[in-house]
Amino acid sequence: ENPDHLRFLVLQGISVNSRLGESAYRSIGEEFATEIFKVDPDHGKSSFAVMWREALNALDKMPQPLRDTSRVFRHHSAISRRRIAKLDSALYGLEDGDKIALLQRAISDINYALTEIPYTAGSEPDLNLLNSLAKAYFDLAEVEVANGASSARISQLKNLAIAATQRAYRESPNNSFVLETYVQSLLVTAKDSPDEALTNCVAALGV
């Protein structure tokens, strides 16, 4: 359809090469999730934002050994899904159902990386995964509120987000990304629980 689409199709053809599932080529395979097909316009990765469905489909068709053994691949694929769920609905053709599905898949992939793929040196640490997991739960709660989900469902999602945040905070209470999410969790709790509002707002100011 245009030069960007042609470039995407060429890269897609490379991405399904089975050798990218081998340990010797893992770093190249991971780069498709961290850079090449990543959709994160706020951080300069917007080349394939308008064709986000194709980009995600290409990531899902990459060699299974890579997808099932790389924390980096799972995490950054999830980040793309989170970022896409925040794009302008009209401009990028996103329905509310798309946003929910994207965030649910992001949560599933991060949980898979945490529970099914052991950490190895140079891999994605639990800290990063937990912080992204908390953000994904918060994002999903926000979308489901807009879609009229029950208060019980919203409370469940927020509690899962807070639990992930607290785990990340215990691991690294000085990490700037974790602190941002931790303060967010304090403010969410303050808003939802008036009895705890003063304590949580003071704690947020302290951070």
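Modeller: Let's start with Arg 153, which lies in helix α9, residues 151-171. A helix here is a DSSP run of H or I with at least four residues, numbered from the N terminus. Keep in mind that this is a predicted model, where local features need pLDDT of at least 70, side-chain atom pairs count only at pLDDT 80 or more, and totals for chains, interfaces and linings use all residues. Residues are numbered from 1 along each chain as its sequence is written, and side-chain values use heavy atoms, with hydrogens and water left out.

Colleague: Why does Arg 153 count as partly exposed?

Modeller: Buried means under 20% relative accessible area and exposed means over 50%, with partly exposed in between (1.4 Å probe, protein chains only). Arg 153 has 26%, so it counts as partly exposed.

Colleague: Which residues does Arg 153 touch, not counting residues up to four places away in sequence?

Modeller: Gln 104, Leu 140 and Glu 144; a contact means heavy atoms within 4.5 Å.

Colleague: And what makes a polar contact between the side chains of Arg 153 and Glu 144?

Modeller: The rule asks for a pair of N or O atoms within 3.5 Å; within protein, one must be able to donate a hydrogen and the other to accept it, and residues adjacent in sequence count only if both atoms are side-chain atoms. Arg 153 and Glu 144 make theirs at 3.0 Å.

Colleague: How many helices and strands does the protein have?

Modeller: There are 11 helices and zero strands. Buried residues make up 45% of the 207 residues.

Methods:
Helices (H or I, at least four residues) and strands (E, at least two) are DSSP runs, numbered from the N terminus.
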